[in-house]
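Welcome, and thanks for taking a look at this protein chain. Please open the sequence and the structure side by side before reading on.

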Amino acid sequence: KMGFQIALKNSMSSLIEDDFPSFNIHLFQARNSFLENLNTSVGSSTPLIELNGHSIRACILNEMEDLSNVLSGSKPASEWMKKWCSDRNILTNALNINAPFDDIEMAMATREIFVKMIYRKHGENRNDDIGQNVRKHMWRICSLSRYHKRAFVARSALERLREFDKANSVVFENRDLQVIESTQFSLEEARIAHCSGSTTVAIRSCKEIIKSLDRVGIDDVSEELQGLRVEVQLQCAEWSILYPTETSTAILKHFLEPAAQLAKTLHNKRSDGLPQKWSSLLSTANFALADFVFKLYDTIEKRLETKEWKMLQKAASGRKDEYNQLIEQNSSSKKSPKKGSKEYDFLLNVQKEARRLAVEVDNDTREIDGVLVSLKKYRKLAIESYGTALQTFAGESNHSRDVYRLISMWFRNCDSMDDINIDNTLQKIPSYHFVPLIYQIFSRISGNDKHAFEPNQFQTILQKLISRVCEEHPYHGIVQMIALSNGNTVDNLTYSENVGASKSEESKKLLMRVKKRSNFLSELVDSYSLLTDSIIDLALAPTKQLVERRMLKKIPFSKVQNSSKSLVNIMRRCNYKPCILTKLPHIQPGRDYGNGKDNPPGSELIDKFVAHFSITDSGVHRPKIVVCVSSKGNEFTQLVKGNDDIRQDAVLQQVFSTVNMLLSSRKRINDRHLKLVTYSCVPLSPIAGILQWVDNTAPMRDFLVKAHPRYYPNDWSLTCCSLHYKDGPKETKRQTYDEVCRHLSPAFRFFFLEQFGHSRQLWHEARMAYIRSCAVNSMVGHILGIGDRHTSNILLSERTGEIVHIDFGIVFEQGKTLPVKETVPFRLTRDTVDGMGPTGVEGSFIAAAKETMDVLRTNSSTLLTVLSAVISDPMYNWCLNPVKARQRQQEDNTSMEDGGQEHDDSRGTDIVSPISNLGQNDAATRTIAKINQKLSGYEEGTSDKNSVEGQVRLLINAARDADNLCQLYVGWAPFY
C-alpha cells in the first residue's frame, strides 16, 4: 500500500509533467491512504489536535484536485485564487489552528508548490495577481515559522522569496517601491535573528533600517514607507524593552513617541483610501506607548510608597528646616561683629553651613520635584495614549487589561487630574471596552451625602459613562444597575453603613434616566425589574417546612410564592424578554443586540421557567434549583441563592477570566490547555443572586464517600474517621492524624477508571486534565489566598476530568483568621495526589504548576492592576464576621460527622462589619502588598526570594506536610 506522503508526492510530479491520467490515479491512492488513516485514528476519544491535522490533509487533497482543473484549462486561475484567499480556507488560516507545526509546515509547503505551478503557467510577472499571491504566501510562511519558533524554516522561506523575486525581476515605478521592498526584507531578517536568539543583532539591524530611512527623508516618501518606518520603530522599541539596551528616556524619545506621532499623522491624512490600515497602526503604536509609559508610572508610584522614599523625604525636610534655622539665625544678628571675634567666626560658619545646605536642599527639591513631575507626565501620557489606542482599535483582541489600567489610574487620581480632560477621553472610547469592568465602574456610584467617596466632578463623569454603557449594552448593564438599586431593600444596618444608602438612590435615578432614552429600554428595565424581584423573592423564601415534609424535588412555585411574584408567571408580564441571566450575550462593538425581538448574539431570550423547582439536600439557607427555558427551547439549570452575598464569587470569576487570558497568551501553555474553569455568578441584591449550574459535575466528596467503602471495605468509615480526628486531644493531633491515615487508604484513582475506563485514551486525557487543572487552581488559589477548600467546594467534571472550585467566601488570606486557622496553601491531600497516578506530584503536576506560576509572576503587573481595581471596590467585603466564620466551620464539621452528605455552600447572611473608607484602603493596600510578595517569590517562613521552581516546591511541601494538615478543622477532611 502506498502511504499518504508518497502518493501526494507522485500526484505533484504528475501535475508538473502535465500527466493528468497518472495524477488522477495517484490522487485516488492519496485519498484512500488518508481515509484509512482517518478511520484508524478518529473515534470518540480522538483529541482535537489530531482532527485538525486530518482537516489540513483533506484540504490539501481538495486544493490539488482544483489545481488540476486549473492547469488542464477546465477552470480559470482566478477562480482558484479567489477560493484560496477566502478567510474560511483552512490552509489560509493555518496560523489559528491548534495543530502540530509539522502538519502546518506540510500545508504551507504544499500551497507554495501549488501557487508557483499556477504562476509558471498563467503568471506574467511578479506584480500581477498570481505573482502577488505567491509573494504573500512566502511572507506568511516566514511569519508562521517565527510564530512557532522555527527560525531556520523562516530563513529558508525568505531565501526562496529572494530567489523568486530575482528570477522574476521587474522595473520599479519609483524609488519608494524599491526602498519598501528592501526595508521589508531587512526587517524580516532582523525578526528571524531575534527568533534564533540573536536579539542584539536584531536591534542593531532595526537601528540601521531607521538610519537608512532617515537618509531618505521621511517627509518626501510615500505613506506606505512612512507606515513601515512606524513598524520598524515599534519593533525596535519592543526588543529594547525586553532586552534593555537603551534607557527608558531614549526608548521614548527615539522610538515610541516618534512612532505614535507619525502614526497619528498618517491616520489623519488617510489619503490612500485605507482608513482601517492607518487606524490599526495608530492603535498599535499607542498601545505600545501606553504600556511602556504605564510601567514607568507604576514604577514611580511604587517608589513613592517605599520606606527609602519616605526616608528621603524626611531627610530632605530635615535639611530644609535646618537651612531655614540657619538663615533665621544669620538674619537675627542686628549688627556685624568685629572681624576675628568669636561672634564673627560663628556667623561665618553659619553662612558657610547655610550655603552647603542650600545646595543640598536644592538637589533634594529638584530630585523630589523631578520624580513627581515625571509621575504626572507619565500618567497623562498613559491615559491619553490608552484613550487614543482604544478609540481607534477595531480588532477582536481582548484589551481588558488596558482598560483596567486606564480606569485604575482614573480612580486613584480622581481628585488630581486637572491636567487631563478625562471626560473627553472616556467619551471617545467605544463603550464596549468598559463592559468587562461593569462591577468595578458601577460600584463607584454615589450621591452627595457623607458617604460620597469622590468629588462631584468625578460622579458626573462616572454617571455619564454608566448611562452610556447601559443604553448601548443593555443586557450587560441593566441587571447590575438593578442589583445596586436593591441595596437599600436590605434590612441590615451593617450593610447600609458599609456601603451607603446613596448608592442605591443614585442607581435608581440613573435607571430612570436610562428608561427615558427609548421605549425599548423602558420596557426592558421593567422586565428585568420584574424578573429580579421574583428571583429575590424565591431566594429568600423559607424552606424549613418543605424540608420537614421531605419535599426537596419538583416543588410547585405556589408553595413559596404568591401568584403575582411567582417565577413561573412573571414572564407573561414582560413585553421585552430578558436574556438568560447566567449566559450574557457576546459583547457587540456595533451594539447590535436584536432590539428585544431577536436573540442577542451568544445568548437567548427567556421564554419561561419550568413550573417547579428543587432545593439542595443540606445547608442552613438552602439554595433553590430552577430551570429556565429559552426562546429556542433550550433549558438552563440555575442555582438561586438567598441570605448570601455572592458578589465575592462574582469578582473572583472575573479575576479567573483574566488569569485565563494570561495563560492562553503563552503558546506553550495554550498547547497544554492550562486554564481555570469559570461559571457565571449574577448578584441581584446584597443578599440574593443567581449562579450558573455547572453541568456534568459532582462534588469530590460524593465520589470519595462512596469509593472508600467500596474499594476498601475494611477501612474506617468517614464518620468514624471524623469523630476520631475531632475528639483527639490537641497535644496529639499529629498522632491522631497519622492513625486515621493508617486506617483510610486513598481511593481517588478509581474515579478515572469508573468514568473513563472504557477508553485508554480518554482515561489518559481525563487524568491529564485533572492534573493540570489541579496545578493551575493550586497556584492561583495560593496567590489569591483562597481558603475553605474542602471536598464539597471542589467539583469534578464527569466529562473532562477537570476540577471546578466553587464558594469563594474565604479569600485573600481570610482563612488564617478563622477560629481554626488554615495552615496549607492549597488542597493537596493523599486522595488528591492519588488521582495523579504513580508519579504523584512529580512530572505533569509540577511542570504545569511551574508554568502557571511563571506566567503569574511574569505578568504580575497586569494581575496586580486587575486586583487593585477589584479589591479597591467600595462595595468589597473586607472584614469576615467572627461569628460567621465559626458558623462556617461548624457547618462543615456537622456535614462530615453526618457521613458526608452533600454539602451546600450557603453561608448565611454574610454581611461584613462596618469599616471606614480609610480602614478599607488600608486593607486593600495590605492585601495587594501580600499578593505582590507572593508574585515576587517571597513566602512566609523564608527570607530569601525563591525561584519559580523553588517557590512551587516549597508550596507543595507545605501543602503535603502532615504537621500542617493535622492542624486543620475536621470539616476540611485533611485525611481525604
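The model shown here is predicted. Its protein chain holds 38 helices and 10 strands. Of the 976 residues in the chain, 52% are buried. Among contacts between residues at least 6 apart in sequence, 75% join residues at least 24 apart.

- Helix α1 covers residues 4-16, which makes 13 residues. From its first C-alpha to its last it reaches 19 Å, close to the 18 Å expected at 1.5 Å a residue.
- The buried residues of α1 are Phe4, Ala7, Leu8, Asn10, Ser11, Met12, Ser14 and Leu15.
- After α1 comes Asp18, and the phi of Asp18 is positive, near 60°.
- The axis of α1 comes within 11 Å of the axis of helix α5 (residues 101-122), and the two cross at roughly 10°. The two helices are therefore roughly parallel to each other, since angles under 35 degrees count that way.
- On the α1 side, the meeting residues are Phe4, Gln5, Leu8, Met12, Leu15 and Ile16, and on the α5 side they are Met106, Thr110, Ile113, Phe114, Met117 and Arg120. Sorted by class, this contact of α1 with α5 has nine nonpolar, two polar and one charged residues.
- Phe4, Leu8, Met12 and Leu15 are buried residues of α1, and these four also meet α5.

**Helices α19 and α22**

- Helix α19 spans residues 474-485 and helix α22 spans residues 519-540; their axes come within 10 Å and cross at roughly 50°. That angle makes α19 oblique to α22.
- The crossing of α19 past α22 is right-handed.
- From α19, the contact draws on Pro474, Tyr475, Ile478, Val479 and Ile482. From α22, it draws on Phe520, Leu521, Leu524, Val525, Tyr528, Ser529 and Thr532.
- By class, the contact of α19 with α22 has 10 nonpolar, two polar and no charged residues.

**Helices α30 and α31**

- Helix α30 (residues 749-756) packs with helix α31 (residues 760-784) at an angle of about 140°, and their axes are 9 Å apart. This makes α30 oblique to α31, because the cut-off for roughly antiparallel is over 145 degrees.
- Here too the handedness is given: α30 passes α31 in a right-handed crossing.
- Phe752, Leu753 and Phe756 of α30 meet Leu762, Trp763, Ala766, Arg767 and Tyr770 of α31. By class, that contact of α30 with α31 has seven nonpolar, no polar and one charged residues.
- Phe750, Phe751, Phe752 and Phe756 are buried in α30. The cover over the buried residues of α30 includes α27 (700-711), α31 and β9 (794-797).

- Which residues does Ile555 contact, leaving aside its neighbours within four places in sequence? They are Leu546, Ala611, His612, Phe613 and Ile615.
- Ile555 belongs to strand β1 (residues 555-556), and its relative accessibility of 0% is why Ile555 counts as buried.
- Ile555 and Phe613 are 58 residues apart in sequence, while their C-alpha atoms are 5.2 Å apart in space.
- Gln233 sits in helix α10 (residues 223-242). With a relative accessible area of 2%, Gln233 is buried.
- Leaving aside neighbours within four places in sequence, Gln233 is in contact with Ile210, His254, Phe255, Pro258 and Ala259.
- Arg150 is found in the loop between α6 (129-147) and α7 (151-167). Its relative accessibility is 28%, so Arg150 counts as partly exposed.
- Not counting residues up to four places away in sequence, Arg150 touches Phe101, Asp102, Ser145 and Cys195.
- Arg150 and Ser196 are 46 residues apart in sequence and 8.0 Å apart in space, C-alpha to C-alpha.

Note on methods:
Residues are numbered from 1 along each chain as its sequence is written. This is a predicted model: local features need pLDDT of at least 70, side-chain atom pairs count only at pLDDT 80 or more; totals for chains, interfaces and linings use all residues. Side-chain values use heavy atoms; hydrogens and water are left out. The expected span of a helix is 1.5 Å times one less than its number of residues. Buried means under 20% relative accessible area, exposed over 50%, partly exposed in between (1.4 Å probe, protein chains only). Contact means heavy atoms within 4.5 Å. Axes are lines fitted to C-alpha atoms, for helices over the stretch in contact, and angles run from 0 to 180 degrees between N-to-C directions. Angles under 35 degrees count as roughly parallel, over 145 as roughly antiparallel, 65 to 115 as roughly perpendicular and the rest as oblique. A crossing is left-handed if the near helix is turned anticlockwise from the far one by less than a right angle, and right-handed if clockwise. Ala, Val, Leu, Ile, Met, Phe, Trp, Tyr, Cys and Pro count as nonpolar, Asp, Glu, Lys and Arg as charged, and the others, Gly among them, as polar.
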